[in-house]
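User: Hello! I am new to this structure and would like to learn how to read salt bridges. Could you walk me through them?

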Amino acid sequence: QVQLVESGGGLVQAGGSLRLSCAASGRTSRSYGIGWFRQAPGKEREFVGGIDWFSGIASYTDSVKGRFTISRDNVGKRVYLQMNSLKPEDTAVYYCASTATTNWVFDYWGQGTQVTVSS
């Protein structure tokens, strides 16, 4: 199994920044990549972006392009989500998840961390 633990959430004013961290442990050799998701109250879970451990190439949903950056630390087995120019609509619980294959089907999830952006 792969265990994932998110950290770094909190309360920030609109226009501010936060950096989330996702720490992977366990059988990380089974992990091909990490995705970030978010879920706001009353809304469906949304894919924010993802990165694979090998190429380091990240992809993003349109609503966060140019504001969010995903990076990874292969040695420490951590993936980061740097969030800049935050908006109130970015308020959500943020989750990281692991996929074992290139089809980006996620099989292990973290517990989530709350991000609240005040206007």
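Analyst: Gladly! A salt bridge is a side-chain nitrogen of Lys or Arg within 4 Å of a carboxyl oxygen of Asp or Glu. As a general idea, side chains of opposite charge can pair when their charged atoms come close. Please keep in mind that this is a predicted model. Searching the whole structure turns up four salt bridges. In one of them, the side chains of glutamate 46 and arginine 38 meet, with N to O at 2.7 Å.

User: Are glutamate 46 and arginine 38 buried, exposed or partly exposed, and why?

Analyst: Buried means under 20% relative accessible area, and exposed means over 50%. Glutamate 46 has 28% relative accessibility, so it counts as partly exposed. Arginine 38 is buried because its relative accessible area is 7%.

User: Which residue forms a salt bridge with arginine 38 besides that one, and where does it sit?

Analyst: Aspartate 90 does, its closest N and O atoms to those of arginine 38 being 2.9 Å apart. This pair links distant parts of the chain, 52 residues apart: aspartate 90 lies in the loop between β8 and β9, arginine 38 in strand β4.

User: What does aspartate 90 do with arginine 67?

Analyst: Their side chains also meet in a salt bridge, 2.7 Å from N to O. Arginine 67 is in the loop between β6 and β7, 23 residues from aspartate 90. Arginine 67 counts as buried because its relative accessibility is 10%, and aspartate 90 is buried at 1%.

Methods
Residues numbered from 1 in each chain as written. Predicted model: local features only at pLDDT ≥ 70, side-chain atom pairs only at ≥ 80, totals over all residues. Heavy atoms only, no water. Buried < 20%, exposed > 50% of the residue type's maximum accessible area, 1.4 Å probe, protein only. Helix = DSSP H or I, 4+ residues; strand = E, 2+ residues; numbered from the N terminus.
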